[in-house]
Amino acid sequence: MGAIEEVLEIVKRRNPGEKEFLQAVAEVMESVRPVIEANKVYQEGRILERIVEPERVVLFRVPWVDDSGGVQVNRGFRVQFNSAIGPYKGGLRFHPSVYLGIIKFLGFEQVFKNSLTTLPMGGGKGGSDFDPKGKSDGEIMHFCQSFMTELCRHIGADCDVPAGDIGVGGREIGYLFGQYKRIANEFTGALTGKKLKWGGSLIRPEAAGYGCIYFAEEMLKTCGESLAGKVCAVSGSGNVAQYTVEKLNQLGAKVVSLSDSHGTIYDEDGITEAKLKFVMDLKNVRRGRIKEYAARHNADYREGKRPWDIPCDCAFPCATENEISGADAATLLKNGCILVSEGANMPSDPQAVHLFVSKRILYGPGKAANAGGVAISGLEMAQNAMRLPWPREEVDRRLRDIMIEIHRQCRVTAEQWGQSGNYVMGANIAGFVKVADAMLDQGVV
Ligand code: NDP
């Protein structure tokens, strides 16, 4: 049995039932196979065995009281996956589907993503099976305060810095930060994604979406193309999806879809700036369903459907993991899609990834394409440490430069290993080597 197969066996045995985690590990292991075979030093140092094992997992009870006085109990998680190149960094997800396997997959991906950003950040992730949908502001606050009462002893500006993810936006970060500050008795950058007036960074809300488009632009440039005039399908309608649409509009593309967990809207005329404003109010203020868009703007609504059968040039999955199946990928290709840039984490399942790579379309995997979110979180940490905010133009310029550099690393690395144009291999290998070398330098820890 080869070194990779042995590690995959161990991971399967040790993490039963954690299918998303196994999926993420299998993809990275397959990509780094030639690097491991060519560099015995990684095998001697048992780097693979160590890199798939989180440094620390915290699992805790989150009791809270709902508006009717009833006691509710949720489960909280923080997985501190790898700190070889910096403090743990990665978001918090509040969604009923959350269990340890989801948080471990996200934390594992985060290790390589953060490595690609060029910033000194390790990888971590956390969250809860708490469902924010339909909860009052008071209930959200009580939950966040209880969650942070436990989490606060495990995080800190130089140790572990959480941010947002699905179900955790500016409102939740506010309640979490308020409770952190109260317990820790210090105003430090222990969380990112904060609002501007109390330590946040300009461009942080936009960063994952804008970055995903900057990455797509770079991919298109390699074949002399641009986004202007391209018909684009976007999934999701949350933070990442909204700013993906905003940037696509600014660059002259036409966005024809958005979705949520209930269905998809198809607007052949395009989701203009004014229509996007409606979506932002609907999702961020009124917290309604995307279905309302269809009635208001005379668009098609497809209950229970995803956008991937809508004809498009470019696709931007920005909702959740495994939202593009192999069959969806085949439909996208059949309809002439030439580019997929992932705003979400691991939105394409293994069959879909295989199709995109083997058909050699421009396919930017999440750990490269959506790294703009965590990159600007890294810049928020830098601004907090200096106690100096940077202007919008400067943060946006840095975001663009970082995305260009991530794109360059992916291309150069893929080429170096004989897989020209394969961004999956490029991202995985470039992310891996930096972390693996740091682990070797630091001894057996
Ligand atoms: P939000 O909570 O703001 O939005 C999530 C969107 O995805 C909503 O429209 C939601 O619909 C939809 N969605 C969530 N779960 C499912 C599901 N199981 N099936 C169908 N639709 C679903 O989250 P974000 O925009 O922040 O995150 C979206 C993706 O981007 C995630 O994969 C996240 O990990 C990734 N990401 C986020 C970053 C960030 O900075 N926020 C950075 C990098 C990546 P509904 O409202 O119905 O649940």
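A polar side-chain atom of Asp-165 sits 2.6 Å from an oxygen atom of the ligand. This is a predicted model, in which local features need pLDDT of at least 70, side-chain atom pairs count only at pLDDT 80 or more, and totals for chains, interfaces and linings use all residues. Residues are numbered from 1 along each chain as its sequence is written, and side-chain values use heavy atoms, with hydrogens and water left out.

Asn-345 also reaches the ligand: an N or O atom in its side chain is 2.8 Å from a ligand oxygen atom. Asn-239 uses its backbone, with a polar atom there 2.9 Å from an oxygen atom of the ligand. A polar contact is a pair of N or O atoms within 3.5 Å.

## Cover and shell

On its own, the ligand has 890 Å² of accessible area, and the protein covers 83% of it. Accessible areas come from the Shrake-Rupley method with a 1.4 Å probe.

## A nonpolar surface patch

Val-65, Val-71 and Val-73 make a nonpolar surface patch of about 280 Å². Patch residues have over 30% relative accessible area and no salt bridge, and nonpolar side chains are joined within 5 Å.

Val-73 lies in strand β2 (residues 71-82). Val-73 is exposed, at 55% relative accessible area; exposed means over 50%.

Note on methods. Patch = residues over 30% accessible without salt bridge, like charges linked within 9 Å, V, L, I, M, F, W, Y side chains within 5 Å. Salt bridge = Lys/Arg side-chain N within 4 Å of Asp/Glu carboxyl O. Helix = DSSP H or I, 4+ residues; strand = E, 2+ residues; numbered from the N terminus. Buried < 20%, exposed > 50% of the residue type's maximum accessible area, 1.4 Å probe, protein only. Polar contact = N/O pair within 3.5 Å; in protein donor to acceptor, adjacent residues only side chain to side chain.
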